Amino acid sequence: MTQRIRTALLGFGHAGSIFHAPAIASLPDFALDVIVTSDPQRQAQARAAYPQARVIDRAVWAASQLDVDLVVVGTPPATHGGLTRDALETGCAVVVDKPFTVTSAEGEELIALARERGLLLTTYQNRRWDAEILTVKKLMEQGRLGHVRRFESRLERWQPVITKEWKAKATVASGGGILFDLGTHLIDQALQLFGPATRVYGELAARRPQELADDDAFVALEHVGGVISHLWMNLNAPQLGPRLRVVGSEASYTKQTADIQESQLMAGLAPGDPRYGVDPQENWGLLGRDGTLEPVPTERASFGRFYELLAEAILRGGPVPVNPADSVAALRIIEKIRAQVG
């Protein structure tokens with residue numbers, strides 16, 4: 001392998017253009033050499049933003065012809081399994097955006113293939129580096145919450161119309177729906193904070209007339225240590241609930257607003273800018289008990305930390321930033337919920 005990690009990005013939609021490409025391009029250990037997309041408008045955007053990269057139409061590209069070290073799969077979920085398998089069989093390390101695959105069984109097969117080939121495989125659970133999650137972890141490490149009893153977490157939007165063609169056509173079988181989308185983030189965050197779930201309960205609904213999967217979901221988890229997680233994901237929320245609330249034996253922490261990295265990236269603010277990932281003071285969460293609440297500075301967030309850790313893993317033998325088995329664990333929870341609701 002060359003010193004810089006020669007990288008191919010598959011897909012230049014929201015995931016590829018907002019989350020992956022800016023982070024890869026901002027780090028000296030990576031070279032964004034190839035971008036694969038079939039959309040002519042996205043091809044033009046990719047060439048303008050990353051003139052050093054070869055932009056290839058998805059209809060004619062082949063993994064075996066990319067001549068890269070790393071393949072990043074940022075395409076719709078139904079394609080993740082096949083594209084990841086092709087890249088591994090070509091001998092590349094692979095990053096797969098969430099959801100890892102559409103079934104836990106397929107995820108296990110890909111993990112086994114990577115192990116057999118001696119190749120690095122990781123999943124892009126970037127919201128482990130959300131500002132509010134990093135802040136909760138710090139408060140727990142400092143013991144300022146006491147014994148955590150309940151974790152309430154929301155990712156809500158007001159999106160009454162489906163604007164992306166693939167999402168409008170996506171069924172559960174093809175990886176459609178809010179539980180696969182935002183749910184994989186919230187479930188992963190809860191499992192990382194509080195450990196495996198011993199009990200799982202869920203509610204699913206499709207509110208929008210054109211929705212073929214689900215756009216309103218609730219998940220309850222009981223973790224091995226007794227913490228209860230309540231997780232909401234909703235695309236039909238005219239008013240947004242608190243981003244999260246953690247209830248402890250000594251204090252609670254409540255944050256109203258969500259991590260700002262996505263909005264910053266969409267506005268063109270690049271990783272590495274001094275303002276990137278810095279939560280404004282007016283958005284800080286509150287810690288304590290009613291009557292004695294104090295604002296807590298939000299930890300600085302960085303989705304790019306995923307790629308920093310990935311470079312350490314590829315170039316210097318460090319651990320992968322996300323164990324793909326963690327994403328399989330979240331998929332098993334999703335499968336249990338779907339089995340419950342029929």
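This is a predicted model: local features need pLDDT of at least 70, side-chain atom pairs count only at pLDDT 80 or more; totals for chains, interfaces and linings use all residues.

Modeller: Residues are numbered from 1 along each chain as its sequence is written, and side-chain values use heavy atoms, with hydrogens and water left out.

Biologist: In what order do the six strands of the open sheet stand?

Modeller: Helices (H or I, at least four residues) and strands (E, at least two) are DSSP runs numbered from the N terminus, and two strands pair if DSSP finds at least two bridges between them. Strands E3 (54–56) and E6 (121–124) each have a single partner strand, so one side of each is left without a neighbour in the sheet. The pairing is parallel, and the order is E3-E2-E1-E4-E5-E6.

Biologist: What angle does the direction of helix H3 make with that of E5?

Modeller: Axes are lines fitted to C-alpha atoms, for helices over the stretch in contact, and angles run from 0 to 180 degrees between N-to-C directions. Helix H3 (residues 80–90) packs on the sheet and touches E1 (5–10), E4, E5 and E6, where contact means heavy atoms within 4.5 Å. The direction of H3 makes with that of E5 an angle of about 170°.

Biologist: Which residue takes a positive phi in the hairpin of E9 and E10?

Modeller: Strand E10 (residues 228–234) runs parallel to strand E7 (residues 148–156), joined by seven bridges. Seven bridges also join E10 to strand E9 (residues 216–223), in the antiparallel sense. The hairpin of E9 and E10 has four residues between the strands, and the positive phi, near 100°, belongs to Gly-226.

Biologist: Is Ala-217 buried or exposed?

Modeller: Ala-217 is found in strand E9 and stands opposite Met-233 in E10. Beyond its neighbours within four places in sequence, Ala-217 is in contact with Ile-178, Glu-203, Leu-204, Leu-231, Trp-232 and Met-233. The term buried means under 20% relative accessible area, exposed over 50%, and partly exposed in between (1.4 Å probe, protein chains only). At 3% relative accessibility, Ala-217 counts as buried.

Biologist: Which helix gives the most to the lining of the largest cavity?

Modeller: On a 1 Å grid over the protein atoms alone, a cavity is a set of points where a 1.4 Å probe fits but cannot get out, a pocket is an open set with protein on both sides within 12 Å along at least five of seven lines, and lining residues have an atom within 4 Å of a point. One cavity of 30 Å³ or more is counted, and its lining includes Ile-18, Phe-19, Leu-265 and Tyr-276. With four residues, the helix that gives the most is H1 (residues 14–26).

Biologist: How much space lies in the largest pocket?

Modeller: Of the 46 residues that line the largest pocket, the closest to its centre are His-14, Lys-164, Trp-166, Lys-167 and Asp-181. H1, helix H6 (165–169) and helix H7 (178–194) each supply at least two residues of this lining. A volume is the space filled by probe spheres set on the points, which are joined across faces, edges and corners. For the largest pocket, this space is about 1200 Å³.
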